[in-house]
Amino acid sequence: MLQSLSKTVFVLSILLLIGCETIPDTSTPHPVRTLDRSQVESMNCVFLYRSSKTVSGWSTASATANGLRELKNQAIVAEGNAVVITNAYPTSIWREGYELDGVNLSVDVYKCPGL
């Protein structure tokens with residue numbers, strides 16, 4: 001009896017560890033800055049492209065943070081160093097029969113001198 005209980009606890013522990021999600025390190029600022037329209041105009045930034053992404057998260061706020069991080073990572077590939085959020089609205093995402101909080105996020109990507 002004790003042996004089967006310990007096996008059950010072991011299996012449940014493994015399943016719990018597998019299901020855990022790693023939280024990204026947000027202690028250092030992202031190299032791509034979030035600016036507003038007046039800042040990109042005053043800094044004479046060059047428009048590179050427009051992008052959008054629909055992302056899920058634990059809440060609408062975490063979905064927004066996840067999406068912004070992903071869009072900023074994309075901007076690095078195009079040598080952009082700033083984004084302007086042009087649109088963000090909450091949405092629902094269905095995955096495996098469950099409704100998740102989500103957000104549709106749109107940004108304009110810029111290359112700004114001096115950043």
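1. Let me start with a cysteine. Cys 112 is buried, at a relative accessible area of 2%. Keep in mind as you read on that this is a predicted model. The partner of Cys 112 is Cys 45, and the two are joined by a disulfide with an S to S distance of 2.0 Å. Cys 45 counts as buried too, because its relative accessibility is 14% and the cut-off for buried is under 20%. There is one disulfide in the structure.

2. Staying with that bond: the S-S torsion for Cys 45 and Cys 112 comes out at about 110°, so the disulfide is right-handed. As for what gets linked, Cys 45 sits in the loop between helix 2 (37–42) and strand 2 (46–57), while Cys 112 belongs to the segment after strand 4, so the pair ties together parts 67 residues apart in sequence. A disulfide, for the record, is a covalent bond between two cysteine sulfur atoms.

3. Now the overall layout. You'll find three helices and four strands in the chain, and read from the N terminus the order is α-β-α-β-α-β-β. Of the 115 residues, 27% count as buried. The accessible surface of the chain is about 8100 Å², with 59% of that belonging to carbon and sulfur atoms. If you take the contacts between residues at least 6 apart in sequence, 72% of them join residues at least 24 apart.

4. On strand pairing, strand 4 (98–111) turns up in both of the pairings I'd like to flag. Strand 3 (82–95) runs antiparallel to strand 4, with 13 bridges joining them; one of the residues involved is Val 83, whose bridge partner in strand 4 is Val 109. Strand 2 is also antiparallel to strand 4, and here 11 bridges do the joining.

5. Helix 3 (60–77) passes a simple geometry check. Which residues of helix 3 are buried? They are Ser 62, Ala 63, Gly 67, Leu 68, Leu 71, Lys 72 and Ala 75. In an α-helix there are 3.6 residues a turn, so residues three or four places apart point the same way. The cover over the buried residues of helix 3 includes strand 1 (33–35), strand 2, strand 3 and strand 4.

6. One more residue of helix 3 deserves a look: Asn 66. Asn 66 counts as partly exposed, because its relative accessibility is 21% and buried would need under 20%. Leaving out neighbours within four places in sequence, Asn 66 contacts Val 55, Ser 56 and Gly 57. Its C-alpha atom is separated by 9.5 Å from that of Val 103, a residue 37 places away along the chain.

7. Next, the nonpolar cores. The largest has eight residues, namely Val 32, Leu 68, Leu 71, Ala 75, Val 83, Leu 105, Val 107 and Val 109. Helix 3 and strand 4 each supply at least two residues of this core. A second, separate core has seven residues, among them Leu 35, Ala 82, Val 84 and Tyr 110.

8. What does Val 83 touch, once residues up to four places away in sequence are set aside? The list is Val 32, Arg 33, Thr 34, Leu 35, Leu 68, Lys 72, Ala 75, Val 107, Asp 108 and Val 109. Val 83 belongs to the largest nonpolar core, and Val 109 is also its bridge partner in strand 4.

9. Helix 3 is followed by Glu 79, which has a positive phi near 65°. Glu 79 falls in the loop between helix 3 and strand 3, and counts as exposed because its relative accessibility is 59%. The other is Glu 96, with a positive phi near 55° in the hairpin of strand 3 and strand 4, where two residues lie between the strands. Is Glu 96 buried or exposed? Glu 96 counts as exposed, at 75% relative accessibility.

Key
Residues numbered from 1 in each chain as written. Predicted model: local features only at pLDDT ≥ 70, side-chain atom pairs only at ≥ 80, totals over all residues. Heavy atoms only, no water. Buried < 20%, exposed > 50% of the residue type's maximum accessible area, 1.4 Å probe, protein only. Disulfide = S-S within 2.5 Å. Contact = heavy atoms within 4.5 Å. Pairing = 2+ DSSP bridges. Areas by Shrake-Rupley, 256 points an atom, 1.4 Å probe, with all protein chains shown as cover. Core = buried A, V, L, I, M, F, W, Y, C linked by side-chain atoms within 4.5 Å.
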